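This report describes charged side chains in a protein model, with attention to paired charges and to a surface patch. The structure is shown first, and the description follows.

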Amino acid sequence: MSIYKNSKISVRQFCILIMIGTVGDSILVMPTITAVSSKQDAWLSMLLAFIGGLITGGLFAAIANKLQRVSLYEAIRQRLGVWFGGFFFLLFLFASFMCCLTLLSEMIQFMTTQLMPETPVTAIIIFFAAVIIIAYRYGIESYARMGELLFPVFMGLFVMLVVFLLPQVDWPNVQPIMAKGFFSIISGAYPAYCTGFVEMAVLLMLVPYVTGKGKLTKPILTGFTVGGMVLFLVVLLSVLVLGPSLMETKYYPTFVLAQKIMIGHFFERIEAVMAFLWVITVFYKTLLHFFTITTGLAQVFQLKESKMLTIPLGMILLVGTVVGTPNIVVYNVILIEYYPWFDITFFLALPIVFLILLLAIKKKQQKTQQPPQQQPQQPQQN
Amino acid sequence: MASVFAVLALAAATFWLEAPALIRQKQFRELVIFLVLLLAGSALYSALMLQVKLPNPFMFIKWMYAWTGGTSTM
Amino acid sequence: MLYKFAVSMLCLLLLTGCWSRRELNELLIVLGMGIDWEDGHYLVSYQVVNPSEISNQQKRGDRPPSTLFQGRGRTLFEAARSVTTEAPRKVYLGHLQIYVIGEEAARRGINELIDVSARDNETRMDFNIIIAKGTKAENVLKLYTPVEKLPSYSMQQSLQTSEKNWAPTIAVTLDEALTNLSSQGSELALTGIRVIGSPEIGETKQNVEKFLPPSRFRYSGIAAFKGDKLIGWLNERESRGYTDITNNLDSTTIAIPCGEQRYLGVEVTSSNSKIKTKVVNGKPEVEVAIRTEANIVERSCTDVDLSKPETIKELEAKTKQSVQTNVEDAVSRAKEMKSDIFGFGTQMEKDHPAFWNQVKDKWRDEYFPKIKVNYKIQIFIRDTGTTMNSTIK
């Protein structure tokens, strides 16, 4: 039972949503997280995460192609039945809910740390959640189109950031290369891989709304590639311009990067404009996860409407965020130490299980379809 | 206490906004789910306003994966 | 219709501004900050702009262009907030230009000062840090300066200009200081500022009413740190050697003796240096390669004939001698203080990471003082100004 059965987004919009979603909140925190483990080899960690992400993208593309524009829940329900299918799907939704909480936490921490320290946390969440709820209620078509509109803005700001920082690049900052050993690079790559790429498993929820019947491998892989490239460039630039010690110390290195832009003593202090860049990306990723929860819940309970669930869910998310982040230290410990495992279990292992189900129980689905076709014919023969 | 009233007002406003459409279309299943979520949301939000100590969802994750010992000890 | 009206009215609510806004007239814009350590607590001085005095439109009164506010406290933040008992507004550090640390506070350790500035969300990383030599930081910030009305701006510009044109000064920003303090292979070095003349007159407007201001500031010497504590000063020649080795030297002048109390002036137009490290028999060795381009700008000895190429070669050799002495002096002074301000350790870490891993804990005290430094200095004198030999007899 698809909500907005008639909404369709083009393949290009799908690709753009994936791109912006991959960048998400990783652009804010990944430089610090990778630098803590691998110092000046943070860019190698990001590269490793990117390669892992591409492989995961292949996995998601395989699932998406197998679905053939049927929603994920429908496909599982057909194979596992209502109860088991519902259970597995609820696990997926639970993971998406937790991911929403982390994204909202990131957003408010960034706002209260850098831009508006005295604003109460609840106020920021209310405003942010309100925009997400409104965007959701307008339908997927409208925010996919908005994504298409905002994408050149995003790319423009990003290119500006990279180009204007090139004069301040100090190449010896990457040395010594691989001095800490391979293990530290891997432990830096692990959270980056999970947060950036594995969490995008929710793109599977968008599949029913994409036009056409063709394979979705190309848009998914393109989205992951461009998003991954953006992240890689950000981490590389942080290492080159800021150096490993500064990258590790400051919480939001991309903000510091934006602060460092200084062209000829007149084009400076534009970091608030640059902040727009990641507000867009965090907003879209949160929107994707929120879409997953709401539409997913509506599908599990076989509802025809999902718009009315938005405000109650918004309230629950707000409470979850405020309760879940008593202070930034607790949040950081959980994000770096335990959250990647959570991501892997629910957003990687679970889709792999889904893929196996889709491949293995294909025949069962065909058998159950044949008898109903024969029955109407029997009375006629008699 | 005033903040709890604000929460209840918000819940009432949401109900007034959404419910008539559902009742008109006789979508009772949707109404039930909506009410459940709305009650849960209001209850949690009121508890937050009253500063009741609510469990931290991230601690649940930590408990679930405590056996791994975290990524730093990998 | 009513719905649209209601929605547009609600949108007006969003135009009232942000939650944490601070209007321009609620800001106390700090341009210069000074830290002193006095009797067990911090004395923080803020040099604050007096906007009405520097604006071109309002009638100028008799007030100074900046005011100094001071706060005391056990932590820097406490001192900063205690300023509000005297100042009409809360300080805003976003435009901070110069950060003066008193010598005593520097000798005690500047870790907490750098930490607090890095942690704050209002400060940026582009202000310069200097040490007040032989005086307190508050005295440095109380000077009336000629030409530039805002003393902090004057000091910052002077620092950056002298870094480019005179050599024995370096303009260190907060992020550079943080990087240096975080690495085991290099130590921090900051420029020192002195107040010449009497500070009492310097505080008053009389200072700029005279042709030659009785009280001025002057940058002199570079302070060497060990860890986060100041341990010694480099004199002018050693400072020059320091900037030369660390590739901070852009342009300067070298005086070459050519007779009885007569010196030939050579202007350095560009100078690049590279540090290469080697490990020879388990011992570290450093090769410093300096390549300098210069011009002759002053010829006070008439017996130096600038039309012959041999003269140029001779002068190049003499300049090279002068540069080498500076550099060697700087290195020996740093070795004496056991402080690797040149970053030889960091370079070693980049070139030979395995060796560095073994020696990094003992670098400061054992390996650095005994390190062998080879110099490869090349001087090229290209021009002699717009004349060859002047015809003055």
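## Salt bridges and a positive patch

In this predicted model, C:Lys136 and C:Glu38 meet through their side chains in a salt bridge, with an N to O distance of 2.5 Å. C:Lys136 lies in the loop between strand S6 (128–132) and helix H6 (137–140) of chain C, while C:Glu38 belongs to strand S1 (residues 27–38) of chain C, so the pair ties together parts that are 98 residues apart in sequence. C:Lys136 is partly exposed, at a relative accessible area of 30%, whereas C:Glu38 is buried, at 18%.

A second salt bridge in chain C joins the side chains of C:Arg364 and C:Glu187, at 2.8 Å from N to O. Here C:Arg364 is in helix H14 (residues 363–367) of chain C and C:Glu187 is in the loop between helix H8 (174–182) and strand S7 (189–196) of chain C; the pair therefore ties together parts that are 177 residues apart in sequence. C:Arg364 counts as partly exposed, with 30% relative accessibility, and C:Glu187 counts as buried, with 3%. Salt bridges with shared partners also link C:Glu38, C:Arg72, C:Lys136 and C:Glu138 into one network.

Over all chains, the whole structure contains 26 salt bridges. One of them, in chain A, is formed by the side chains of A:Arg12 and A:Glu148, at 2.6 Å from N to O. A:Arg12 is located in helix H1 (residues 11–23) of chain A and A:Glu148 in helix H6 (residues 140–165) of chain A, so this contact ties together parts that are 136 residues apart in sequence. A:Arg12 counts as exposed, at 53% relative accessibility, and A:Glu148 is partly exposed, with a relative accessible area of 23%.

| Salt bridge | N to O distance |
|---|---|
| C:Lys136 and C:Glu38 | 2.5 Å |
| A:Arg12 and A:Glu148 | 2.6 Å |
| C:Arg364 and C:Glu187 | 2.8 Å |

The surface patch is considered next. C:Lys274, C:Lys276, C:Lys278, C:Lys372 and C:Lys376 form a positive surface patch. At least two of the patch residues come from each of strand S11 (262–280) and strand S13 (372–383) of chain C. S11(C) contributes the largest share, three residues. C:Lys274 is placed in strand S11 of chain C and is exposed, with a relative accessible area of 57%. Patch residues need over 30% relative accessible area and no salt bridge.

How values were computed:
Residues numbered from 1 in each chain as written. Chains lettered and ligands numbered in written order. Predicted model: local features only at pLDDT ≥ 70, side-chain atom pairs only at ≥ 80, totals over all residues. Heavy atoms only, no water. Patch = residues over 30% accessible without salt bridge, like charges linked within 9 Å, V, L, I, M, F, W, Y side chains within 5 Å. Areas by Shrake-Rupley, 256 points an atom, 1.4 Å probe, with all protein chains shown as cover. Salt bridge = Lys/Arg side-chain N within 4 Å of Asp/Glu carboxyl O. Lys, Arg positive; Asp, Glu negative; His and termini not counted. Charge placed at Lys NZ, Arg CZ, Asp CG, Glu CD. Helix = DSSP H or I, 4+ residues; strand = E, 2+ residues; numbered from the N terminus. Buried < 20%, exposed > 50% of the residue type's maximum accessible area, 1.4 Å probe, protein only.
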